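Here's a quick walk through some helix contacts and charged pairs. Have the model open and follow along.

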Amino acid sequence: MFLLQAMPAGAGETALRLPDEVTTFADRRKPIQALYQSYLKLIEYGWTLEIVANSEPEGTTAALPIIALRSPLRGPAVWILAGIHGEEPAGPNALASVVDDIARLGQQHPVVLMPLLNPQGYARNWRYLNVPIYSEAIEGHSVGDSSHLLPAPEKSGNPRAAAASSPEADAITAFVLRLSADYPPLYSIDLHEDNLINEGYVYSQGTLGSADPLAIEAVSVLKDNGVPIKLGGETRFGEPVVNGVIGPVIDSSIDELISSKDVIVDGRVQSGPAARTVLVFETPAAALTLEHRINVHAALIRRLLSMIAGGAPALAHAPSPPEYGIRLQEAWITLPDGVRLSADLYMPAGGKADGKFPVLLEYLPYRKHEGRGRDYPMYSYFVQRGYVVAAVDIRGTGNSEGRLIPYEYSDIEQQDGEVVIDWLSKQPWSNGNVGMFGISWGGFNSIQMALRNPPALKAIIAVDATEDNYQEDVHFIDGAIHVDSWEMSQDLDNARPGAPDYRIDEAYFRDRFDTDPWMLTYKAQQRDGAFWDRASAKGRYQDIRIPSFFIGGWYDGYRDSVPRMLANLKGPVKAIMGAWSHAWPHDPYPNPGMEWRYEAVRWFDQWLKGIDTGILDEPRFAVYVRNWHAPGPYLEYAPGSWRYEDGWPIARIRNQVLFPQDDHTLKSGEPPATTHLLRYVSSIGIEAGGPVMWWGDVAHDQRPTDAFSLTYDSEPLAEDTEILGLPRATLAVSTDATRANWFARLSDIAPDGTVTQVAGAGFNGNHRVSAREPSAIVPGQEFTIDIEMHFTSWVFPKGHRIRLAVNNAQWPMLWPTPDPMTTTLRLGSGSRLSLPVVPFEKRPVPAFLPPAKDPAMPGFETLDAGTSSGYGEISSVDRNPQTGAATATATNSGGYRYPWGTERYHETIRHDVTDSAPNRASVLGTHRMEVDLPGRKLLWEAELSFKSDHENFYYSYRRRLSENGKPLREKTWARTIPRDYQ
């Protein structure tokens, strides 16, 4: 008997007993003794050897050990497997040749190596145990079969097989589950061959699927090393191949086990290894020599290990693992004036839960008690990884005391916020470091608190938020007045007391019900200036000194802040730009989403725990590049791909200039001077605004709006053309009125004629000199405007055309200017379209995780989720062709069940305008909020009328409260607000 002696760290003497006879092979693969001798070099680096099983199938005379080696470092690990099928010798031989590379990786990262899982098959050239040949008709016993542990597709609570297919399979799979506790597989690599294929491919079994950047890179490595690759079609098993990669398949293999979120052990479902990257490489055995295949697999392993070690993606610095439970604790935070703010504290439980933790703050007016159904699952991700998460109701909202803040982002809110941050940092369970995060309002005030730099605030993450409150918030967009679904619903929500008691008394009426609606305040602030500056970071980026992370979506109205923040902040800054709308990326619309909280934990670990997570070593900007899709209004999945960029601006972007021509084409040469006229039609623009009436909302086919616009189309493109940035329309214009808006839209015309909006923006002509000091337009006087369209990404496909459309209305998104008019666009006088074209460059790809499964908060249930956006969406449009009158109606309704009762809401917003008299536009809105409690029914109602004439806006608002059908309170507001160049 041939013995290999080894002294693994802490394991005592280990002897690998192998046959004395050294078998040689015609294909010149290494004898099995030489393979094991190579693998055991890892012992010299402090690795631990374990004999997983002794394989001695029926008909054999000598047991051969199945071994595993693991590095001294524990934690999320790289797993490397080979030799499951014995007649596939290239993998085990390649691993023997790259042992030193594996050893170097093991000095920095946890690694598990299982290099020869079927030594009997290797020695006898068997695929299955006891089976000397391979055949589809033979039911052999695979050492990698995991059917006895994997849920049956049709019955997820039952395994696919009653027992393991062989003792070896039972031992190997049990070892995988056991070792996963200390070495959870983050990346798994399995080397295979197939003598029945002529082209290779890569199975990507992990949570990242066919989008896994390592799978994509592996295809490139295989091609670069002379392996013919199957880029499309199907495998011999009928699985679809896309660019050389096959997404997750059900095959009961060891690889499926390593990728599985759930396994069944002794009849009970438990968490599986759930590796995010599980790659299986199939190289054609018959088409390539063994030496070639060994070299290919060695090159593949070296490249992938290099990428992993280099942080693309960065395994070197895995974030805090999930090791805690979660418990909810209520608290009061007392302010200097005696008012108390209500806080929900989501605390780590179990584990080392008596330690000190960083605190993450979400600070909102959105009623955290009712929000627990959202907060508990979302916060659990952070709490499980060693963070306290605090949800705090802003003064005068939800369950907090005090008088309602006078408007959004007031000095009162921010001063209170500093007290909250200080309080959180000084609690006995706090390590003194606080981070802020949030979407929309929570993102806004995270940025605003970063401007104030309270000592304990160490980092922020702002999702779908902006630092330019005048041009981009819901009250005014691009300098024009906007009436928003959120404004109306929030003004009623502000009038409600805290749950579950809903206490109705004189203090409640004084501090909430009777307070002025916020909309009334905002509609009087029609020009940029000091009112907006107080809470805007734009123009004072130098005041943000703490690390800041920004996340935006292409279908969200606040996305422009992402490139500005990257370009202007001097401290540590990162950004992600995805495909979603105004939504959390882990719960996206449209798809694809990603697990942003994994990146958030890495960010907060870096700054609040002092752990070098490697996140700063990665490129600063991850962007989802959009490919063409058909127009909306709804979009389940936005096609495209992820890549990293170093930041913003991107140096390789080139400005491509196209000029509108007299024949309504777009070309590279400037045309002779000529003028195009356009009649103002105030009721157009619904298609450009999308269902929610925001820039970036998934817009309809643009043809109905384009019919009343000046349009200019390019020739069909000779090649795919990518843009990334802020397209710009420079227009030489004039009008015969004193007030006018212009809108420029960039669209993609498909060969079938459909028109998909790519970008756009508006421009208030009275702001042509300054939005702070607007002035009347001189009729007939020409001037030039630069319309910087909102941030966008798009790949125009070959054969499609690019369209520039120009018009003067985007109703009902933006309020019409008051006068009928004709505007002019002068061509050949500098009017042009500038596109930020991105030349191809091979860039690294982020390895984002898919959204995780979150626990639910018992007692909280959504009865009706309402619209996909959560806001009133356009549900009908009526036009009278005889009068030119148009009505657009937006609706939304929904309901929730809480432990204390149910809540239902309904809103209707009606927009009206007449083309012949655009000054007399109007909005009529109603909103109802009904709360059913045991023996008590509360109903809050609001009615809004917002109208205009040539000189003024007329605001009228009524708020009512009744209990069990009996009126308790009613209050009305009526104001005349002068039009200030709107």
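## Ground rules and a first pair

A residue counts as buried under 20% relative accessible area, as exposed over 50%, and as partly exposed in between. Keep in mind that this is a predicted model. With those cut-offs, K41 is partly exposed because its relative accessibility is 33%. D100 lands in the partly exposed class too, at 31%.

These two residues pair up: D100 and K41 form a salt bridge, with 3.4 Å between the closest N and O atoms. The partners come from distant parts of the chain, 59 residues apart, with D100 in helix α3 (residues 99-108) and K41 in the loop between α1 (32-39) and β3 (48-55).

How many salt bridges turn up in a search of the whole structure? The count is 64. One of them joins the side chains of R772 and D533, at 2.8 Å from N to O. R772 sits in the loop between β32 (755-764) and β33 (783-788), while D533 belongs to helix α16 (residues 530-533), so this bridge ties together parts that are 239 residues apart in sequence. R772 has a relative accessible area of 38%, so it is partly exposed. D533 is partly exposed as well, at 29%.

Another bridge brings together the side chains of E941 and R960, at 3.6 Å from N to O. Here E941 is in strand β43 (residues 936-948) and R960 in strand β44 (residues 952-963), so the parts tied together are 19 residues apart in sequence. Is E941 buried or exposed? E941 is buried, because its relative accessible area is 18%. There's also a network of salt bridges to look up, linking R643, E645, D646, R652, E722, E841 and R843.

## A covered helix

Now jump to helix α13 (residues 485-493), which is mostly covered, with nine of its nine residues buried. The buried set takes in charged residues such as E487, D491 and D493. W486, M488 and L492 are also among the buried residues of α13.

What do these buried residues pack against? Their partners are the helices α11 (441-452) and α15 (518-522), plus the strands β41 (901-914), β42 (922-933), β43 and β44.

On the α10 side, the contact uses E413, Q414, Q415, G417, E418 and I421, which meet W441, N445, Q448, M449 and R452 of α11. By class, that contact has three nonpolar, five polar and three charged residues.

The other crossing is between helix α9 (residues 372-383) and helix α18 (residues 596-609), whose axes come within 10 Å and cross at roughly 40°. That angle makes α9 oblique to α18, and the crossing is right-handed. From α9, P377, M378, Y381 and F382 make the contact, and from α18 the residues are W596, R597, Y598, A600 and V601. The class tally for α9 with α18 is eight nonpolar, no polar and one charged residues.

Note on methods:
Residues are numbered from 1 along each chain as its sequence is written. This is a predicted model: local features need pLDDT of at least 70, side-chain atom pairs count only at pLDDT 80 or more; totals for chains, interfaces and linings use all residues. Side-chain values use heavy atoms; hydrogens and water are left out. Axes are lines fitted to C-alpha atoms, for helices over the stretch in contact, and angles run from 0 to 180 degrees between N-to-C directions. Helices (H or I, at least four residues) and strands (E, at least two) are DSSP runs, numbered from the N terminus. Angles under 35 degrees count as roughly parallel, over 145 as roughly antiparallel, 65 to 115 as roughly perpendicular and the rest as oblique. A crossing is left-handed if the near helix is turned anticlockwise from the far one by less than a right angle, and right-handed if clockwise. Contact means heavy atoms within 4.5 Å. A salt bridge is a side-chain nitrogen of Lys or Arg within 4 Å of a carboxyl oxygen of Asp or Glu. Buried means under 20% relative accessible area, exposed over 50%, partly exposed in between (1.4 Å probe, protein chains only).
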